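Subject: Structure for your review

Dear colleague,

Please find below the structure that I am handing over to you.

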Amino acid sequence: ESDSAIAQATQTAVDTRLGSASHADMSDTTPTAPSGKGGIDVAICIDCDAFARLRPVIRHLCVGLFDHGVRVRIITSSPEAEALTSLGPVEVFTYRDVAWPLHRWNLRRLIGELSSRPPTLIYALSSGSYPLSYALADAFDVEVVTQVSAAGDVDSLHRSHRLAYIIAASESLLSMVRTREELSAIPSNLIRPGVLRGAELTCFRNEEATASLVCTANLDARNRVAVVVEAALLVREHGLRLQTFLLGTGSNERALRQMVRTRKLTADLTFTQPIGAMTDVLRGADLFVLPPGAEQVSANALQAMASGTAVLCFAGGVADCFHDGETAIVCQERTAHALADALERLLRDHALAHRIADNAREYVKKHHQMSTMAELTVRAFEEVTMPHKTFRIPT
């Protein structure tokens, strides 16, 4: 019964789309889709992980797509995405990937909600949204554009007749896509995330204040935030003042809190949650650290660079914006001692920290502009949807 209901909802969606095409054939060279640049009506699928990592980038992308005349609908399991409706005519649909048989009912409900104005394209922002994206593409007989912003995204991609285009958030991710034999024939391109650039440097702006370090990674085993805690302890043992803030939650939070209490770091290390935009958080920070194990492109790290905060990270990630000694300090060894040495280097040499932060701001200005991100994304959408537009042939 559930399969039959899904099939019926899917057929309704397809019939609606075909009906729109027939109407377009009778009009004056009007594309099949209702409005927007080239009639593009995109449904963007976002899982909670992608929304948490790329929140400001997604906001900027929605605004940019709207400015280019692209209709945008967000489909997500993140309750925080509701705030995107404040950007303008952006609709948000909540989808919970629950267990069978509720999964079938949930999918059927979502297809029904979208059927009154079927999307002309599905855009999947990370691997957690890929299954839903393909299900919607099958329902509406459209193609899928996927973004890869983490190594796991590339591992989760597989050849599909619905997969029409791959957008990579960094050069290393693009290389991973193009060297995968089953993906190499699919059109792909590098589109770097766009972020706002700060007006001035934030690192060591107040020379008299205690230096502050911010880490925004999830507190789980994958990100190895314990390395940051150990490094903060080593810095203190070497007589340097540093206030560390861990902004996040995760399965390892309790163990990390216990570690901080045991090492008597409570006065120097604070667990907290950001209030307001990340740009506001970073305005008061001197240093930003991306812990080892973060095999993802992070909007927070980019925003730190754009805000004039000196960034520290570890070698081996998938981002291409960290150039050792130029736009960041890159620790070659993924150890607390390596991070502590890098921290002490910047704490003792503020001129170096200022130079790295300033270089990072200029790098973001050149390579991570919001307008460029939106323009290139629209071009990718047009490349996928152009062959499917229907025009009236004059008689």
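This is a predicted model: local features need pLDDT of at least 70, side-chain atom pairs count only at pLDDT 80 or more; totals for chains, interfaces and linings use all residues.

Overall picture

The protein contains 13 helices and 13 strands. Of its 395 residues, 53% are buried. Among contacts with a sequence separation of 6 or more, 67% are between residues 24 or more positions apart. The protein exposes about 17400 Å², and carbon and sulfur atoms supply 52% of that area.

Packing around helix α7

Two packed helices are described by the angle between their axes and the distance between the axes. Helix α7, residues 226-237, can be described in this way against two partners, α8 and α11.

On the α7 side, the contact is made by A226, V229 and E230; on the α8 side, L256, M259 and V260 take part. By class, this contact of α7 with α8 has five nonpolar residues, one charged residue and no polar residues.

The other partner is helix α11, residues 336-348. Here the axes are 8 Å apart and the packing angle is about 50°. The two helices, α7 and α11, are therefore oblique to each other, and α7 passes α11 in a right-handed crossing. From α7, the contact involves V227, V228, E230, A231, L234 and V235. From α11, the residues are A336, H337, L339, A340, L343, E344 and L347. The residues of the contact of α7 with α11 divide into 10 nonpolar, one polar and two charged.

Helix α4

Helix α4 covers residues 130-140. This helix is mostly covered, with eight of its 11 residues buried. The buried residues are Y130, L132, S133, Y134, L136, A137, A139 and F140. A135 also lies in α4, but A135 has a relative accessible area of 24% and is partly exposed. In sequence, A135 and R162 are 27 residues apart; in space, their C-alpha atoms are 9.8 Å apart.

Residues with positive phi

Most residues other than glycine have a negative phi. Which residues have a positive value in this model? The cases to look at include D141, F204 and R224.

- D141 follows α4, and its phi is positive, near 55°.
- F204 has a phi near 50°, a positive value in a residue other than glycine. F204 sits in the loop between β7 (188-190) and β8 (212-215). With 4% relative accessibility, F204 counts as buried.
- R224 is not a glycine, yet its phi is positive at about 50°. R224 belongs to the loop between β8 and α7. Its relative accessibility is 35%, and R224 counts as partly exposed.

F204 and R224 thus both lie in loops, with F204 buried and R224 partly exposed.

With kind regards

Key: Residues are numbered from 1 along each chain as its sequence is written. Side-chain values use heavy atoms; hydrogens and water are left out. Axes are lines fitted to C-alpha atoms, for helices over the stretch in contact, and angles run from 0 to 180 degrees between N-to-C directions. Helices (H or I, at least four residues) and strands (E, at least two) are DSSP runs, numbered from the N terminus. Contact means heavy atoms within 4.5 Å. Ala, Val, Leu, Ile, Met, Phe, Trp, Tyr, Cys and Pro count as nonpolar, Asp, Glu, Lys and Arg as charged, and the others, Gly among them, as polar. Angles under 35 degrees count as roughly parallel, over 145 as roughly antiparallel, 65 to 115 as roughly perpendicular and the rest as oblique. A crossing is left-handed if the near helix is turned anticlockwise from the far one by less than a right angle, and right-handed if clockwise. Buried means under 20% relative accessible area, exposed over 50%, partly exposed in between (1.4 Å probe, protein chains only). Accessible areas come from the Shrake-Rupley method with a 1.4 Å probe; for residues, only the protein chains shown count as cover.
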